[in-house]
Amino acid sequence: MHWLDSDHFRLSDFSHDSQGEDILVARSAADDILGFVSVWAPDAFIHMLYVRREWRGMGVGKALLAALPGWPERSYRLKCLTRSTEARLFYLCQGFVATGCGTSPEGDYEELTRLRIA
């Protein structure tokens, strides 16, 4: 989200914003953090999924999704900022479809849902 002013974000925001969520972390063989996903499990809502820029396109995001409980049978949903075209394309390639839209303080977003695969 390079278009947002980073002065508005603090490290403590993560702890607050992800409170009560399940967090899965992808690590390299050298134990470096490659990315993470946070999920509000009761609603199968993916709140955040981030992959370090240098690891994008290498299967990290796909592996994080595959590690979610019940994946791929469980239906997950998320909100993706429309300006985040790379993320939106990633989710569409993972089987998510647009199911709604709205506006947040960060900008317009699309609600994306990955329908349950039987």
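Biologist: Leaving aside neighbours within four places in sequence, with which residues is F96 in contact?

Modeller: This is a predicted model, in which local features need pLDDT of at least 70, side-chain atom pairs count only at pLDDT 80 or more, and totals for chains, interfaces and linings use all residues. Residues are numbered from 1 along each chain as its sequence is written, and side-chain values use heavy atoms, with hydrogens and water left out. Taking contact as heavy atoms within 4.5 Å, and leaving aside neighbours within four places in sequence, F96 touches I46, L65, W71, Y76, R77, L78, Y91, L112, T113 and R114.

Biologist: Which residues have the most contacts inside the largest nonpolar core?

Modeller: A nonpolar core is a set of buried Ala, Val, Leu, Ile, Met, Phe, Trp, Tyr and Cys residues joined through side-chain atoms within 4.5 Å, where buried means under 20% relative accessible area, exposed over 50% and partly exposed in between (1.4 Å probe, protein chains only). The largest such core has 19 residues, and those with the most contacts inside it are I46, L68, Y76 and F96.

Biologist: Where is the residue P72, which a cis peptide bond joins to W71?

Modeller: The bond between W71 and P72 has an omega of about 5 degrees. With helices (H or I, at least four residues) and strands (E, at least two) taken as DSSP runs numbered from the N terminus, P72 lies in the loop between helix 2 and strand 4.

Biologist: What is the phi of A44?

Modeller: A44 belongs to the loop between strand 2 and strand 3, and is buried, with a relative accessible area of 4%. Its phi is positive although A44 is not glycine, with a value near 50 degrees.
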